[in-house]
Amino acid sequence: MPIILMNRELFSRIVNERILFLDGAYGTEFFKRRHIEGKTPVELLNVTNPKAVYELQREYVQAGSDFLLTNTFSANRYKLEKLGYEEYFVDINKQAVNIAKDVAKFSDKNVYVLGDISSVGEMIVPFGELDSEYVYNIFREQAQLLYDAGVDGFIIETMSDLKELKLAYLAVRDVTQELPLLVSMTFEENGVSVTGTSVEVYVSLFNDLDVDAIGINCTLTPDLMLSLARKLALFSRKPIFTEPNAGKPILTGDGRLLYKTSPEEFAVHMEDHVQVGMNIIGGCCGSGPEHIEYMMKMFGNRRAMKRNVEKLDVISNRTYMVNISPFLIVGERINASGKKKFQEKIRNFDIENILKLAREQGNEGAQVLDVNLGNETFLSKEHFKKVIVELDRVVSIPLSLDIQSEEFLKAALFEYPGRPLINSSKATKEELDKKIALLKRFGGVLIILAMGNEIPKSAQERYKIGKWAVEYVTSQGIEKDRIFVDPLVLPFGANEDYNVTLETIRLLSVDSIKTSIGLSNFSFGMPNRESLNASLLALAMERGLCGAIINTAEQTTMNILTGMKKMLKKEAVEAPVQGIENELVKALIQGDGISADKYVTSLSSGTSQMSPLEIVQNVLAKAMEEIGKLYASNKIFLPHLILAAETVKPIFAKLTEMIPEGQSIKSGRVLLATVEGDIHDIGKKIVGTVLESSGFEVIDIGKDVPAQVILQKTVELKPDIVGLSAMMTTTVVKVGEVVNTLKGAGIEIPVIAGGASMNEELAQRFGCAYGKDAQEAVEICNELMRKAKPGN
């Protein structure tokens, strides 16, 4: 039949005509068919065995797939280099497109080829070492290659890090704005990704961004993914899709990995996904042509169900999301303007004061932190990058970016993992156009000043300017709920009439335009600033004010705010990390090493006079145990856990040096490795960090480590436990190989394994323990060490 070229308009039309079908898995299918073995990436088949790729894709088309993904999931240059196949980078990607296009060409219906892009396999700053711009360029290089080879669109999938997904999105959109782009994250059963991002945070950002469909894939089976699919359907303003796994892998007697979920069972559960409104469906690990075919038979000719989408009116970062309504509290104190010493520290990349202020304001009740680095003349992009990355590392609340330089604002937005508040823009077409471009590229919410180049004197003038600005921005495709207008608060001491500000708020509120003020401007240069600020805030809230940038250390102001919210029936929003009474636990979770160290030091003096050994065993260990329980109960997330582990390390090291020789405080020695053929070490590094913070000595011997090398290092280093990571289905059997190699050499040592492809059943077959996450790994290692003690 005639080939119809894909574009975004066509995609939008066909996705609303009927439910569309992606294909299924590649790696697990090639492994099942014995086309690959060892550490060879499945993408190399594009070059070495293109017939195998062609046949699988032809089967997917025959089963009913509307979209074929190129066999390029791990074919970015970084991953191929780590696996030793960088020289094939260009050929692998080009051939992947050629093969898929050949299959699509001979179909009796229109089949479109999506260039498949996924993670680089290692963590990006602040949780890893990879630089954001470097990762962006890795993705852009692959996207350009796939685009030049002739793909019909792109899909970025199986991302667990919101920041990495954003970088990949930017890379693809910088290559083409004409082709459709689908994005997909992977989540745990609790609805949170491994790096602490919820479905809601993910959707809130990508609702803003220039993508054509938002999805969820991998990790979970259709039944376990359903609750997440419901959230996706409830909040996404874009077409939606899901690609679940077909169960967990099981090992057959002849060494093959099979997945439990049959095509019939898979399709029955996917019916529920269809009912919540999926526009596109497909399969991930373990699914094959038979799964697609069965779904096609069941609901191949149906239209997607209509959805009632709820607003996500929020400011977010990767971990926290705060509702803009009913009232947004923005902390003002990260502001170096007019503060010479503060400014000098920033110039020297000393941002400890910024981190301290972030913690304090979060504890005081701020929901968002305004970041203003003062005079930007002597600053560089690196200053803004460092501040954003470090605030991300310490898991701060979301940010408002008060940055004057367009270059520096772009640099901050590039690094920021979430939906920020941009503070601010004058109401001139030239300046608004710049901010609109940033909102479209990076997402977020904008504050517009009710002024052009001069401050209007009357409320009517400010109202007209503010209203015009909102209408102009919305005419350019930015939703009205993404805009605040600042009615301008001027100093009371300069005899400025505050009633002009109050009336402007009232007029804008009548038109349902959100307003926010910089409250402390009112009391500038005056004594008793707190009482003045609190008074104006009460009056402004009564007129309809929706948010304020305030000094949250002012108790009177915060009390008035609380009272006004009750009077106006606006419920308060609680702080992100709440209900933690243990002073040390709270300091560690917030990355406050100074307070944590002071707390520990106080225990060795005064009436308690605990010994360093007692502090380690009875205080630090118990604090980390409590943090582990908070993580296990979803009260905190992985970034908190990593931050706490990193914060406690230097305290642990200092106490260790003070303990007399012969008094061992180490819980045990653990040797960690990612198995042969697998270059993913995100999970392994996390486990290592948490084990160290729990008192274990950790020896990490790297990734892609053969069984014989693990054996040699076990003999040489004499660990108490061997920990193995296996992310890929094609490498998980290497866990069993390591266990057998150790046993064959007569070494009886506990082995614990984890990773996306591991499960309890496989662990039992391999003869090892299974740790589903970092905290469970610590618990298992502690139990193993207890059993190893004499007398147990």
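I began with handedness: a crossing is left-handed if the near helix is turned anticlockwise from the far one by less than a right angle, and right-handed if clockwise. Helices (H or I, at least four residues) and strands (E, at least two) are taken as DSSP runs, numbered from the N terminus.

I noted the basis of the model next. The model is predicted, so that local features need pLDDT of at least 70 and side-chain atom pairs count only at pLDDT 80 or more, while totals for chains, interfaces and linings use all residues. Residues are numbered from 1 along each chain as its sequence is written, and side-chain values use heavy atoms, with hydrogens and water left out.

**Entry: α23 and α25**

I looked up how helix α23 (residues 593-603) passes helix α25 (residues 638-658), and found the crossing to be right-handed. Their axes come within 9 Å and cross at roughly 35 degrees. Axes here are lines fitted to C-alpha atoms, for helices over the stretch in contact, and angles run from 0 to 180 degrees between N-to-C directions. I then listed the contacts (heavy atoms within 4.5 Å). From α23, the residues G593, A596, D597, V600 and T601 meet T647, I651, K654 and L655 of α25. I recorded the make-up of this contact as four nonpolar, three polar and two charged residues. In this scheme Ala, Val, Leu, Ile, Met, Phe, Trp, Tyr, Cys and Pro count as nonpolar, Asp, Glu, Lys and Arg as charged, and the others, Gly among them, as polar.

**Entry: α18 and α19**

I turned to helix α18 (residues 459-475) and helix α19 (residues 498-510), which pack at an angle of about 40 degrees with their axes 8 Å apart. That angle makes α18 oblique to α19; angles under 35 degrees count as roughly parallel, over 145 as roughly antiparallel, 65 to 115 as roughly perpendicular and the rest as oblique. The crossing of α18 past α19 is right-handed. On the α18 side I found A459, Q460, R462, Y463, G466 and K467, which meet V500, T501, E503, T504, L507 and L508 of α19. The residues of this contact comprise five nonpolar, four polar and three charged.

**Entry: aromatic rings**

I looked up the aromatic pairs and found that the structure holds 15. Rings of Phe, Tyr and Trp (its six-membered ring) pair if their centres lie within 6.5 Å; planes under 30 degrees apart count as stacked, over 60 as edge-to-face and the rest as tilted. I examined Y78 and Y134: their ring centres are 6.0 Å apart and their planes stand at 80 degrees, so the pair is edge-to-face. This pair links distant parts of the chain, with Y78 in helix α5 (residues 77-83) and Y134 in helix α7 (residues 132-149), 56 residues apart. For accessibility I used these limits: buried means under 20% relative accessible area, exposed over 50%, and partly exposed in between (1.4 Å probe, protein chains only). Y78 is buried at 6% relative accessibility, whereas Y134 is partly exposed at 36%. I also noted one aromatic cluster formed by Y169, F187, Y202 and F206.

**Entry: H291**

I located H291 in helix α12 (residues 289-299). H291 is buried, at 3% relative accessibility. Leaving out residues up to four places away in sequence, I found H291 touching A246, T261, S262, P263, F266 and G286.

**Entry: backbone geometry**

The bond from V125 to P126 is cis, with omega near 15 degrees, and P126 sits in the loop between β3 (112-117) and α7. S325 and P326 are also joined by a cis peptide bond, with omega about 5 degrees; P326 is in the loop between β12 (321-323) and β13 (328-335).

I then looked at positive phi values. V395, although not a glycine, has a positive phi of about 55 degrees; V395 lies in the loop between α15 (381-393) and β15 (399-401) and is buried at 9% relative accessibility. K718, likewise not a glycine, has a positive phi of about 50 degrees. K718 lies in the loop between α27 (707-717) and β23 (721-725) and is exposed, with a relative accessible area of 62%.

**Entry: S667**

I placed S667 in the loop between α25 and β21 (668-674). S667 is partly exposed, with a relative accessible area of 25%. Not counting residues up to four places away in sequence, S667 touches S694, G695, F696, N782 and M785. The C-alpha atoms of S667 and D704 are separated by 27 Å, at 37 residues apart along the chain.
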